[in-house]
Structures are given as C-alpha cells and as structure tokens.
Amino acid sequence: MKTPQIKICGLTRLEEADFLNQEQADYAGFVLFEKSKRNVSFARVKEIGNRLSPDIKRVAVTVSPDKNLLEQIEQAGFDILQVHGELKPEILEESTLPIWRACNMKEPKDIEQLERCKKITGYVIDAGTAGSGTTFDWNKSRKVLEEAKKTVFAGKQFILAGGLNPENVAEGIETFAPDIVDVSSGVEGDGAGKDRTLIEAFIRKVRESSQV
C-alpha cells in the first residue's frame, strides 16, 4: 500500500513549525476563518511559515472566501487554497493557486454536489462539522467514496480528514486508501495548540500503515 502524504492543519504557534520540520510532514494548514479557534492572522502565517521547511507546502484553509481574501492569500505565498462552504465562481475563475475543494459530509450523497474542474486538484472529505474532531460515517460512506475515486476524484488527490488521530488513522488508510491524510484536533493535547508527541505518533502510524 502506498504511504499517504500528511497534512497537519490549524497551526497557530511558532514551535509547531519545528514539529512539522522534525517529522517531515508534507503540508501545513493555516485556518483563515475568524469563527475558528485556530484562526490566524497573515502576520502570524508569515512568522510560522518562515520557520517551516521549504519542502512543506502551505495550505490556506478558508470558508466561502471572497476576492479580497483570495488576493491576500496569493500575496502571502501559499501553495494551495482549500475551500469549505461556497466556492464562488469568481474564486474558481481568478485563483492562480490550485484548489482543494472540501466536502463536509453529513450524508454520502453530499459528494454528488462537488464541483468538477481542472483547477480543483484535490478533494478534502471532512466530517459534517469541520474542526469537530469527529469522523464522518466511514461504513456508510465507503462504497460512495470507492466509486468517487473512479469519477469525481479521478486524476485528483483524495484527502481524508475529519476526526483522524493516532488511534484510528491506520484504519482510515486501510478503509479508504487516500492520497493524503489531514489531521488537526487529533494531534492537539490538553493545552493550546499542537502536541509534539501526538504528531510523532500520528506520523509514525501513517508510515507504518504502508508496511502492513
């Protein structure tokens, strides 16, 4: 089994860049949404980003972004635009960044509503409520996602998100064989922000999964 790439999402502290560098994560996600507890300013993005390895791609995680936010994201040097909520036609048309389209999957049929176009390079399949730390219904969704690999996801990246943690990520990989696994709350400890030990455990489990 091919080892999925790894995205650690919701970075808020400088030292978290060091955690990702040490464990050689593939993607770092920054939440640019004021209602999220993980929301960060562009100044903070720059500070953390300056400490990240250049090999780690920066993902701007947004909810229904407008053209003003898109312009700021492009100027900030992000590599990928991740869109939850509404993907406005002008964003799809004007973005110079590849887009990851997120689906907060309350029901398997929700996947049928996803836009399909060349600029969308990946689909993030997330829990019904983003950032909730819970999974969507894996059993009920398995057949739908298997079929989506042949249709919606064909030629695109399939990013598995929603409630992943060191205890269940191996099962998620075995069940869905995603291209990328995306974790946020699952590597947060009792205190604020990401926990180095949990990140190490998560990444170890992902890399061990390909050896089974």
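What follows is a short exchange of questions and answers.

Mentor: This is a predicted model, in which local features need pLDDT of at least 70, side-chain atom pairs count only at pLDDT 80 or more, and totals for chains, interfaces and linings use all residues. Residues are numbered from 1 along each chain as its sequence is written, and side-chain values use heavy atoms, with hydrogens and water left out.

Trainee: At which residue does H5 bend?

Mentor: Helices here are DSSP runs of H or I with at least four residues, and strands are runs of E with at least two, numbered from the N terminus. The bend at a residue is the angle between axes fitted to the seven residues ending there and the seven starting there. For H5 that angle is about 25°, and the residue is valine 144.

Trainee: Which residue meets aspartate 182 in a salt bridge?

Mentor: A salt bridge is a side-chain nitrogen of Lys or Arg within 4 Å of a carboxyl oxygen of Asp or Glu. Here the distance from N to O is 2.8 Å, and the partner of aspartate 182 is lysine 7. The pair links distant parts of the chain, 175 residues apart, with aspartate 182 in strand S8 and lysine 7 in strand S1.

Trainee: Is lysine 7 buried or exposed?

Mentor: With a 1.4 Å probe and protein chains only, buried means under 20% relative accessible area, exposed means over 50%, and partly exposed lies in between. Because its relative accessibility is 0%, lysine 7 counts as buried.
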